[in-house]
Amino acid sequence: MGGVTAPAPRATAISRGPGAAFIFKKALISALVALVLFSLMIGVRTEAGPSGQLIYWTRFGDLAAMVATVFGGSIVVELLRQWWGPVGTVRNVPQPVQSVLATTGRWIAPVLLVFTFLVPVIFYNERYILDLGILVLTYVMLGWGLNVVVGLAGLLDLGYVAFYAVGAYSYALLATNFGLSFWVCLPLAGILAAFWGVLLGFPVLRLRGDYLAIVTLAFGEIIRLVIINWQSLTGGPNGVTGIPRPSLFGIPLTPGDDGLAAKLGIEFSPTHRIVFLFYLILALALLTNWVTIRLRRLPIGRAWEALREDEVACRALGINTTTTKLTAFATGAMFGGFAGAFFATRQGFISPESFTFQESALVLAIVVLGGMGSQLGVALAALAMIGGFELFRGLDQYRMLVFGLAMVLLMIWRPRGLIGHRAPTVFLHHSQAISSDLVKEGHG
Amino acid sequence: MDYFAQQLINGIVLGSIYGLIAIGYTMVYGIVGMINFAHGDIFMIGGFIALISFLILVSFGLTFVPVILLIVLLVSMAITALYGWTVERIAYRPLRHSFRLAPMLSAIGMSFVLTNYSQVAQGARVKPVPPIITGGYTLHEGAGGFVVQLSNIQIIVVVTTVVLLALFTWLVARTRLGRDMRACEQDQTMAALLGVDVDRTISMTFVIGAALAAVAGMMYLLYYGLVDFFMGFVAGIKAFTAAVLGGIGSLPGAMLGGLAIGLIETLWSAYFSVEYKDVAAFSILIVVLIFMPTGLLGRPEVEKV
């Protein structure tokens, strides 16, 4: 009997989790680690003095505050973890709640789309919200474009911003040097970016995984460095200024007599252009989405997904992995180019500063956080990331710090993204019986 | 010829620094199979810690240079190693069994955190220090008055690198920890079944990689006489390029790749243009990978079907 009753107290002790002593010890260790980590970096501040000589002063108050925060934070996190239960367990959600969630899930995309269409109507007088909407939609489009490469074809691209840059500079240079209109330049920018995508695709065809990652990263840096240093063409660090604004198929949105407002007989307002830009990027983003969804159902899209799941099996099935990879790179790059051209026309000014690795990482984070391959997930992730990023605008120099931390925490919390499905598009619904005379022994 | 010899020396010194950082990339990649994106920033932190500890020691009135250097070396290695440990603990361990991209993105996030943390903590300006080690040797005096010089600091950088590389090769090949590391590299599950503490081994890999990056950071500070919060990004990409070029996962490969990148960069700036030196380094990486997809000394990847 004793053998049966004895384990019982131990079991309850485990379910209650580690005791106060354990939590305290853990927090103490964290605080100690923090003390060593921050000792010199926070505790001492260096600055170049008036004579050029470095001087330093101590900030032990800040150091103490940081260590105390880590100590307290560690206790809070540990308590939260106990209260929430072990990480990774599926919490039981009641059946009615689940069905409600499923219904919302089905409606969220159309509702979001209708809302997006109505944004300029609802927030007509709020310039800030319209600008933010344009920014979010630009990232939605970039995310959907990169999703083709990373989410569908499974090729890790860390230099996506290069194509964005190619598109932006193509439009800026064509428009300022040759006076071509936005609508002529848009396809050209897309074609040029796709061309660069293929050019990048060729050397990386034989590479996989992390080799691919580093080559794309290097490619992104090469494009940026060339833009900075080829001063005669790109204006170097000063960028290109005076990029023409887009027109509504030849009708400029200006207060003049030939402007859109005068032709329609309404009073001119600068908001018209913002609203126009909003619908323009919405149309471009929806185009990206539509093309992606259509392509997924075609053999090429299925080849992408097959490539993502298993390259060896893919080749064994007779899929040409060369064309599959190249088309994925070219398609993704083309949408990046469109987004770049839009960016150039919206800003009216571009410089290499807008095309750093940070942008690539941001777009990649959007795709991965959205759940690779999920169109809705990417849109929601773009909204969350860019919206969240805007919330911290006031914090200025702490903004990137918070962004980095958020990236780490989000990955730990949801490593598979917000909508973490990546089921293949095609299913065989009925199991089929295969006659035995079709299957040779040992080849089944 | 003299000019070329001088550039060769400069290239080898720069290459040694890249090689030291590249070892950290190669080790982590070998064991975890992941690019440690925060490694370049660990190098930057190492440079900062060396700078600050150096300032403090000097203000305490210490003047004997070898002692200063030794203390700075030990302090920056110790603290930076703890940074490496923390990065592994926060950004890698919770994602050990997650899918491939997740730890990479959390490491990119960690890299942003470290860059901006040091910007907030120490300011965005470049921190210069006066030359600590001066003097050197004149190797050859050319006819045109061009002098080939080998400065003491250059000797120190190369000697430190060679010593550390030898020490490290011994560590991987002969010690218990090295054996555990090689076991984890082969098969983590099997190693764990046979009694290897996988978590501890991976932690130690990060710690050692960070300590070597700290040495590289200190050498960079001594050689160039400055540090700034953004230097980790560029040096990190270059060192990672070096690791890939040499064949990622291979220790001699990392050193060879580091030397190659250092030489290419120096010779390109000497004979062509300074502006395009990084473009040259990255282009050569792409060209090498086209013909040798696993790098110079890399083993061909076995496809598991």
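Conventions. I worked with a predicted model, in which local features need pLDDT of at least 70 and side-chain atom pairs count only at pLDDT 80 or more, while totals for chains, interfaces and linings use all residues. Residues are numbered from 1 along each chain as its sequence is written, chains are lettered from A, and side-chain values use heavy atoms, with hydrogens and water left out.

Interface. I looked up the contact (heavy atoms within 4.5 Å) and found 70 residues from chain B and 59 residues from chain A. The buried area (accessible area, 1.4 Å probe, lost on putting two parts together, summed over both) is about 5,900 Å², and carbon and sulfur atoms give 76% of that. On the side of chain B, Phe99(B), Leu105(B) and Phe112(B) lose the most area to chain A, together 11% of what that side buries.

Salt bridges between chains. I counted 2 salt bridges between chain B and chain A, taking a side-chain nitrogen of Lys or Arg within 4 Å of a carboxyl oxygen of Asp or Glu.

Salt bridges within chains. I found Arg308(A) bridged to Glu305(A) at 3.7 Å and to Glu309(A) at 3.0 Å. Glu305(A), at 6% relative accessibility, is buried (under 20%; exposed is over 50%, partly exposed in between, 1.4 Å probe, protein chains only); Arg308(A) is also buried, at 11%, whereas Glu309(A) is partly exposed at 40%.
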